[in-house]
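Here is a briefing on one protein chain.

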Amino acid sequence: MVEGKVVVVTGAGGGIGRDIALAMAKSGAKVVVNDIGAALDGAGGNAGPAQQVVDEIRAAGGQAVPNTDSVAEAASAARIVECAVESFGRIDAVVNNAGILRDRFFHKMSVDEWDAVIKVHLYGAYYVSRAAATHFKEQNSGAMVHMTSTSGLIGNYGQANYAAAKLGIAALSKSIALDMLKFNVRSNCIAPFAWSRMIGAIPTDTDEQRARVDKIKQMTPAKVAPLAVYLASEAADAVNGQIFSVRNNEISLISQPRPVRSIHRSEGWTPQSIAEHAMPAMRASFYPLDRSADVFSWDPV
């Protein structure tokens with residue numbers, strides 16, 4: 001479905017990114033496999049993971065090159081896109097998948113923990129997309145696929161930095177879709193449910209926790225890859241500005257913020273009338289803070 005296209009996949013040395021890179025190549029794309037080879041918290045660097053995925057693609061008869069530039073700085077992110085153009089002559093799609101975690105409850109989170117996660121996820125998605133946008137505009141075509149998360153769309157404990165970045169990516173994607181629609185450039189998001197090292201630190205101290213993790217392990221990264229390939233293909237030319245989730249064999253279209261209840265008062269509102277009339281009427285429509293009560297809990301279907 002992406003025969004002859006040139007695709008950049010960031011964070012493709014393992015997990016979801018690796019399976020997306022392999023699936024892109026299997027479907028005919030020439031792939032730039034980007035990964036700095038860092039630990040989950042972003043520390044260190046190793047060219048090995050990107051090269052290993054490239055070796056897998058080449059062994060299967062595909063075309064790929066490794067890249068170890070960071071997405072977290074504008075200049076290095078631009079080099080990722082330049083790698084695609086220099087290696088294969090063009091760029092047709094980017095998959096913004098690179099990410100790190102520095103989980104901490106909000107009242108304990110440091111500025112460094114906040115900055116590091118925001119820079120890789122939100123700034124990284126912006127930097128790579130911005131570098132690709134110039135090429136997409138000139139060729140009047142292109143596709144961007146961004147990884148968001150239910151941690152941002154729904155909420156999660158101990159992930160204020162990650163959640164803020166991931167919800168920001170959803171807004172970034174929508175803005176890109178609006179701004180670049182006239183250039184035939186599409187931008188969409190995927191919120192993946194999949195077992196990878198990004199969620200491999202979930203506690204397994206109790207029988208209930210172990211059962212939950214066993215369910216999550218059923219949701220392999222390979223389940224996410226087909227949707228990413230589709231969104232990068234011309235078959236998705238009418239799909240733009242959307243958010244999807246993939247949970248095992250289930251694909252869902254995620255709703256985007258819209259008013260759910262409105263109350264008008266001709267004489268206007270005071271703090272007291274809001275307390276007495278508006279909030280009691282709206283309270284039944286409040287979003288629950290208990291994440292486990294949401295339909296998008298971590299349990300697979």
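A residue counts as buried when its relative accessible area is under 20%. Aspartate 19 has 17% relative accessibility, so this residue is buried. The model is a predicted one.

- Strands of a sheet pair through backbone hydrogen bonds, in a parallel or an antiparallel sense.

**Strands E2 and E3**

- Strand E2 (residues 30–34) runs parallel to E3, and five bridges join the two.
- Valine 31 has alanine 64 in E3 as its bridge partner.

**Strand E4 and its two neighbours**

- Strand E1 (residues 6–9) runs parallel to E4, with three bridges between them.
- Valine 9 has valine 95 in E4 as its bridge partner.
- E4 also pairs with strand E5 (residues 142–147), in the parallel sense and over four bridges.
- Valine 94 stands opposite methionine 144 of E5.
- From E4 the chain crosses through helix H4 (residues 111–139) to E5, a right-handed β-α-β crossover.

**Side chains of E4**

- In a regular strand, side chains alternate between the two faces of the sheet.
- Strand E4 spans residues 93–96: Ala93 and Val95 point one way, Val94 and Asn96 the other.
- Are these four residues of E4 buried or exposed? All of them are buried, Asn96 included.

**Helices across the sheet**

**Helices H1 and H2**

- Helix H1 (residues 15–26) packs with H2 at an angle of about 25°, and their axes are 10 Å apart.
- H1 is therefore roughly parallel to H2.
- The crossing of these two helices, H1 and H2, is right-handed.
- H1 brings Arg18, Ala21, Leu22 and Ala25 to the contact. They meet Val53, Glu56 and Ile57 in H2.

**Aspartate 19**

- Helix H1 also holds aspartate 19.
- Which residues does aspartate 19 touch, leaving aside those up to four places away in sequence? They are Pro221, Ala222 and Ala225.

**Helices H4 and H6**

- The axes of H4 and helix H6 (residues 160–180) come within 8 Å and cross at roughly 15°.
- H4 is therefore roughly parallel to H6.
- The crossing of H4 and H6 is right-handed.
- On the H4 side, the residues in contact include Glu113, Trp114, Val117, Ile118, His121, Leu122 and Tyr126.
- On the H6 side, they include Ala160, Asn161, Tyr162, Ala164, Ala165, Gly168, Ile169 and Leu172.
- Further along the two helices, Ala133 and Lys137 of H4 and Ile176 and Met180 of H6 are also among the contact residues.

Methods:
Residues are numbered from 1 along each chain as its sequence is written. This is a predicted model: local features need pLDDT of at least 70, side-chain atom pairs count only at pLDDT 80 or more; totals for chains, interfaces and linings use all residues. Side-chain values use heavy atoms; hydrogens and water are left out. Buried means under 20% relative accessible area, exposed over 50%, partly exposed in between (1.4 Å probe, protein chains only). Two strands pair if DSSP finds at least two bridges between them. A crossover is right-handed if, with the strands pointing away from the viewer, the path from the first strand over the helix to the second runs clockwise. Axes are lines fitted to C-alpha atoms, for helices over the stretch in contact, and angles run from 0 to 180 degrees between N-to-C directions. Angles under 35 degrees count as roughly parallel, over 145 as roughly antiparallel, 65 to 115 as roughly perpendicular and the rest as oblique. A crossing is left-handed if the near helix is turned anticlockwise from the far one by less than a right angle, and right-handed if clockwise. Contact means heavy atoms within 4.5 Å.
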